[in-house]
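Have the sequence and the 3D structure at hand while reading.

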Amino acid sequence: MDARETGRAGRIDVHCHAIVPRIAELMRESGAPFVLPWSLDETWQVMEANGIDVGVLSNPIPGDFFESPSQATRFTRTANEAVAELVRDHPRRFGLLAALPMPFVDAALEHVAYVLDDLGADGVVLVPHAGEAYLGDTLFEPLLEELDRRQAVVLVHPMTPPGGAVNAAPPALADFLLDTTRGAISLITSGALDRYPGISFVLAHAGGFLPYAASRIDILGRTFYRFNQDQVARALHRFYYDLALAAPAALPSLLAAVPADRILYGTDWCAAPSEAVRDCSRGLDQAPGMDGLTHRMINRDNALRLLPRLAGRLGFAPVP
């Protein structure tokens, strides 16, 4: 067996992307402004260099990219099938969080069944907003209800917020973090986070600004917006947080806000270059106070607990 197929006891990357050739072709056909470079050989190199055994692949698709449900479904289905083929070829090295054709809720509901039942996806990826509606909006209600019924894992992956970018700051430097934070706050204030306890929400990039601003959100929420005494604290402990492009700077705020069993290793490869993957991985490894148990939980054990299908493919029982 090829060494790349053995699935050793290294890191599980819950936030990485794969613009396989069919997806790159789809993006060019659809007039996408750019296509991220990706190759399987380079992916193997990045995984090897950073001690990553498994990459859980997701390709988020913004809700304003399509004009009709049929167009959205056709693109999303083809993209998910292309990544699912890669996972089938390397079942011990890759997982799949499948995209959904939002904002077309009926189409998204049909696609949930397809990706989870037929493609065997490990969960789904959602952009925090569709138009100006964020995840707690009634637009998302039927979809969240179905994902809750299925006990689904949902990676919340940002895009540029409604209203577009501003010249003062490139979206990737601040707006993406704001988009995730808005999505999380929307889930909290709408009550959706409490109504759908079966969904395991993973907030990309260490939760955006949420852990850093948790005290502010709690104090002002109780003072002006009728938050309950422990509403923010409970919500913080409901989310999972990946470390894509976040270590080491985000770790002190994150570990002060949530227990280590809610934190997951992530890289954002191939949206992030290999140098960024290296630097953030080292930032995690060299973080002050990072004991062996916490390190292992973040690198691997939390993901095995969260993703039982993946754990089964790797031949491991989920970590209790």
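The model is predicted: local features need pLDDT of at least 70, side-chain atom pairs count only at pLDDT 80 or more, and totals for chains, interfaces and linings use all residues. Residues are numbered from 1 along each chain as its sequence is written, and side-chain values use heavy atoms, with hydrogens and water left out.

Eight strands form an open sheet with parallel pairing, in the order β1-β2-β3-β4-β7-β8-β9-β10. β1 (11-16) and β10 (263-264) are at the edges and have a single partner strand each, so one side of each lacks a neighbour in the sheet. Strands (E, at least two residues) and helices (H or I, at least four) are DSSP runs, numbered from the N terminus. Two strands count as paired if DSSP finds at least two bridges between them.

| Pair | Bridges | One partner pair |
|---|---|---|
| β3 and β4 (residues 123-126) | Three bridges | A98 and V124 |
| β9 (residues 240-242) and β10 | Two bridges | D242 and L264 |

Strand β3 (residues 94-99) has six of its six residues buried, so it is largely enclosed by the rest of the structure. Buried means under 20% relative accessible area (1.4 Å probe, protein chains only). In a regular strand the side chains alternate between the two faces of the sheet. On one side of β3, F94, L96 and A98 are buried, and on the other G95, L97 and A99 are buried.

Technical notes
Buried means under 20% relative accessible area, exposed over 50%, partly exposed in between (1.4 Å probe, protein chains only).
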